[in-house]
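This report covers the packing of one protein model. The coordinates come first, and the notes follow.

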Amino acid sequence: MTAGPKYEYRWADGVQIKKPIEVSAPKYVEYLMDWIESQLDDESIFPQKLGTPFPPNFKDVVKTIFKRLFRVYAHIYHSHFQKIVSLKEEAHLNTCFKHFILFTHEFGLIDKKELAPLQELIESIIVPY
C-alpha cells in the first residue's frame, strides 16, 4: 500500500496485528474498513445511549480513523488517478476528497505531516477557504 514512491503504509490494528505488516492496497482497505466498523460498533468508543459520555481518547480514535482513510485517498490519487480520469469520474473523486479535507482541516483531525503525499492538492483546496 503506497502513495507514490516515498510513502508506504503498513497495517497494524494493535489487537490482532500488533507489529505493522506490509500488505497490498486492497488488503489494507479491507483491514481498514473492518477496523473502522469495529470502532464504530464499540459502544465504549461511540456510545449509543443518550447521555453516555464519550471516552477521553475519543478524538484520538477519530483522528486515527481519518488518518487511515486519508491514506486510501493518497493511494488512489497516486496509483489510480489516470484510470479514474479515463472513466470520467475525477469530478466525483475530487468532490469527495475536497469535503473530506475541509472537514478534517476544520476539526484538526489529521496532522500536517500525514498530508504530505497530497500536499499540493490539499493547498489548492484549503487556500481559497
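Phe100 touches Phe66, Leu69, Phe70, Tyr73 and Ile110, leaving aside residues up to four places away in sequence; contact here means heavy atoms within 4.5 Å. The model is predicted, so local features need pLDDT of at least 70 and side-chain atom pairs count only at pLDDT 80 or more, while totals for chains, interfaces and linings use all residues. Residues are numbered from 1 along each chain as its sequence is written, and side-chain values use heavy atoms, with hydrogens and water left out.

Phe100 is also listed, with Phe70, Phe97 and Ile101, among the residues with the most contacts inside the largest nonpolar core, a set of 33 residues. A nonpolar core is a set of buried Ala, Val, Leu, Ile, Met, Phe, Trp, Tyr and Cys residues joined through side-chain atoms within 4.5 Å. Buried means under 20% relative accessible area, exposed over 50% and partly exposed in between, with a 1.4 Å probe and protein chains only. Helix H1 (25-41), H2, H4 and helix H5 (119-126) are the elements that give two or more residues to this core. H2 gives the most, with nine residues. In soluble globular proteins, nonpolar side chains tend to be buried together.

## H2 against H4

Helix H2 (residues 58-79) and helix H4 (residues 90-107) have axes that come within 11 Å and cross at roughly 150 degrees. That makes H2 roughly antiparallel to H4. Angles under 35 degrees count as roughly parallel, over 145 as roughly antiparallel, 65 to 115 as roughly perpendicular and the rest as oblique. Axes are lines fitted to C-alpha atoms, for helices over the stretch in contact, and angles run from 0 to 180 degrees between N-to-C directions.

On the H2 side, the contact is made by Lys59, Phe66, Leu69, Phe70, Tyr73, Ile76 and Tyr77. H4 contributes Leu93, Asn94, Cys96, Phe97, Phe100, Ile101, Phe103, Thr104 and Phe107. By class, this contact has 13 nonpolar, two polar and one charged residues. Ala, Val, Leu, Ile, Met, Phe, Trp, Tyr, Cys and Pro count as nonpolar, Asp, Glu, Lys and Arg as charged, and the others, Gly among them, as polar.

## H4 against H5

The axes of H4 and H5 come within 10 Å and cross at roughly 75 degrees. That makes H4 roughly perpendicular to H5. Phe97, Lys98, Ile101, Leu102 and His105 in H4 meet Leu121, Ile122, Ile125 and Ile126 in H5. The class count for this contact is seven nonpolar, one polar and one charged residues.

## Two loop residues

Leu109 lies in the loop between H4 and H5 and counts as buried at 6% relative accessibility. Leu109 touches Lys59, Val62, Lys63, Phe66, Phe103 and Thr104, not counting residues up to four places away in sequence. Leu109 and Val62 are 47 residues apart in sequence, and their C-alpha atoms are 7.3 Å apart.

Lys88 lies in the loop between helix H3 (81-86) and H4. Lys88 is exposed, with a relative accessible area of 69%. Phi of Lys88 is near 60 degrees, a positive value in a residue other than glycine.

## Overall fold

The protein has five helices and zero strands, in the pattern α-α-α-α-α along the sequence. Helices (H or I, at least four residues) and strands (E, at least two) are DSSP runs, numbered from the N terminus.

Of the 129 residues, 36% count as buried. The C-alpha trace spans about 45 × 35 × 25 Å along its principal axes. Among contacts with a separation of 6 or more, 53% join residues 24 or more positions apart.
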